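Please open the model in your viewer and keep the selection tool at hand.

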Amino acid sequence: MSGEGDLSPVTVIGLGPMGRAMAASLLRSGHPVTVWNRTARRADDLVAGGATLAPTPAAAVAASELTILSLTDYQSMYDVLGPVAGSSGTSAVPDRAGVPDGSGVLDGRVLVNLSSDTPDASRHAAAWAAGHGATFVTGGVMVPAPAVGGPGAYVFYSGPRAVFDAHEPMLRLIGEPRYLGEDPGLAQLFYQAHLDVFLTALSSLLHATALVTAAGVPAADFLPGALDTLTAIPAMIGDGADLARRLEAGEHPGDLSTARMMGTTADHIVWTSEKAGIDTRLPKAVRAHYDKAIAAGRGTENWTVLYEMLEAGD
Ligand SMILES: NC(=O)c1ccc[n+]([C@@H]2O[C@H](COP(=O)([O-])OP(=O)(O)OC[C@H]3O[C@@H](n4cnc5c(N)ncnc54)[C@H](OP(=O)(O)O)[C@@H]3O)[C@@H](O)[C@H]2O)c1
């Protein structure tokens, strides 16, 4: 367990940009850090900085009570730890048959998986780890690698509260930990929901840039103002708590920015994109949300009524 001032050993498996940044931050804070990566040379800088390169995943897990995983996805974890765990475990679907509970190197260990995948993959992995005597904490890192360990970095976690609390001081070195609850799927759910906002915003920014450059306007004339629009959104729509209250109460009074008005604007964006000869799939998807509200007879309500349209499947 790690506590205030406690410099427990820690293992990091997976040395892509994220894993390297995490290991470097832990090293800087004085923790003994053991690392393992499929491509060993990616550990060179960390080893030069004082990390120990384990020869095998088993040796890496054995070196510390806590192992942080930073791999492409959860299947990579089964690829790396399945053979170590002594099970058939190379499948993303946990196969507990024949698992020699407690006999593998994972027994008594804490796995903190900061790789991305689905909430269900996290739940399956928690059961898989438990089947091998390990405790599993799920995480989702909300900043890119250069920001890891710095101000503004934060990480969603879910899983057993007591285990999270015991290791929270060490996890804080990666970014501010935001614990969501015991359900192992919660951290990935929040990670994905935030990236839903992020990825869609990035696509809209690039689509809009393509729209203006197709008209011969330099991107530099457009992008600074477009970024101002992004940052002005909170002031336009109210803080998250107030918006959540209105969505939950089903309050869409139709006094401002109705679905019909916004849908007409969405039409204009599609038509202008078509005329410009650029990709129209994103504005058509947005327009489809407004069309759905208008077809449901709710065009005179505020744009927030789209929430009720989106709650229902296609
Ligand atoms: N980069 C970001 O900005 C960012 C931000 C937030 C969250 N994340 C998440 O953090 C995780 C790591 O990100 P990253 O950018 O460091 O990813 P990455 O560049 O894809 O690195 C992935 C790591 O996984 C290893 N790996 C992949 N498949 C494997 C397999 N089958 N067996 C063994 N090792 C395998 C790679 O090993 P090799 O070196 O041998 O290829 C590498 O160490 C991802 O889940 C990502 O979605 C990333």
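Which helices each supply at least two residues of the shell around the ligand? Select α1 (17-28) and α4 (74-85), which each do so; helices here are DSSP runs of H or I with at least four residues, and strands are E runs of at least two, numbered from the N terminus.

Before continuing, note that residues are numbered from 1 along each chain as its sequence is written. The model is predicted: local features need pLDDT of at least 70, side-chain atom pairs count only at pLDDT 80 or more, and totals for chains, interfaces and linings use all residues.

Next, select the residues around the ligand. There are 22 of them, and the closest are G16, M18, R38, T39 and S116; a residue counts as near if its C-beta atom, placed from the backbone, lies within 6 Å.

Now colour domain 1 (10-182) and domain 2 (190-311) of the protein chain, bounds that come from an automatic or database domain assignment. Their centres, taken over C-alpha atoms, are 37 Å apart.

Then select α10, residues 259-276. Buried here are A259, M262, G263, A266 and S273, where buried requires 20 or more other C-beta atoms within 10 Å of the residue's own, exposed 12 or fewer, and partly exposed lies in between, with C-beta atoms placed from the backbone. Viewed down the axis of α10, these buried residues fall within an arc of 100° (by directions from the helix axis to the C-beta atoms), so they line one face of the helix. The face turned away from that side carries the exposed residues H268 and K275.

Definitions and conventions. The expected span of a helix is 1.5 Å times one less than its number of residues.
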